[in-house]
Amino acid sequence: PFVAAENRSDIERFVQGLPGSLRRICRLLQTETPTVAQQRSGLSPAEFYREVHELRMRLREIGLGWGTP
């Protein structure tokens, strides 16, 4: 339980430090499936998945698991 809470705290700090466009996508992915998040983002599928790739890379850089928002 402590590890899960610590990870949530790390993820929240990570999300808060993102540029606005990446933060919005991350928030969408926290509550929606990727398909729904892409549709709600207003981005084309290619643009959306480029941003998802960027999120994963940033998560890996700070050591947060497999990079899943």
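Mentor: Start with the contact between helix 2 and helix 4 in this predicted model. On the helix 2 side, the residues that take part are Ser-21, Leu-22, Ile-25, Cys-26 and Leu-29. They meet Phe-48, Glu-51, Val-52, Glu-54, Leu-55 and Arg-58 of helix 4. Sorted by class, this contact holds seven nonpolar, one polar and three charged residues.

Now the geometry. In general, two packed helices are described by the angle between their axes and the distance between the axes. Here helix 2 covers residues 20-31 and helix 4 covers residues 45-61. Their axes come within 10 Å and cross at roughly 90 degrees. An angle from 65 to 115 degrees counts as roughly perpendicular, and helix 2 and helix 4 are therefore roughly perpendicular to each other.

Next, helix 2 by itself. Its 12 residues reach 17 Å from the first C-alpha to the last, close to the 16 Å expected at 1.5 Å a residue. Leu-22, Ile-25, Cys-26, Leu-28 and Leu-29 are its buried residues. They lie on the same side of helix 2, because the arc they cover around the axis is only 160 degrees.

Last, the setting. The protein chain has four helices and zero strands, in the order α-α-α-α from the N terminus on. Of its 69 residues, 25% count as buried. Among contacts between residues at least 6 apart in sequence, 40% join residues at least 24 apart.

Key
Residues are numbered from 1 along each chain as its sequence is written. This is a predicted model: local features need pLDDT of at least 70, side-chain atom pairs count only at pLDDT 80 or more; totals for chains, interfaces and linings use all residues. Side-chain values use heavy atoms; hydrogens and water are left out. Axes are lines fitted to C-alpha atoms, for helices over the stretch in contact, and angles run from 0 to 180 degrees between N-to-C directions. Helices (H or I, at least four residues) and strands (E, at least two) are DSSP runs, numbered from the N terminus. Angles under 35 degrees count as roughly parallel, over 145 as roughly antiparallel, 65 to 115 as roughly perpendicular and the rest as oblique. Contact means heavy atoms within 4.5 Å. Ala, Val, Leu, Ile, Met, Phe, Trp, Tyr, Cys and Pro count as nonpolar, Asp, Glu, Lys and Arg as charged, and the others, Gly among them, as polar. The expected span of a helix is 1.5 Å times one less than its number of residues. Buried means under 20% relative accessible area, exposed over 50%, partly exposed in between (1.4 Å probe, protein chains only). The arc is that of the directions from the helix axis to the C-beta atoms.
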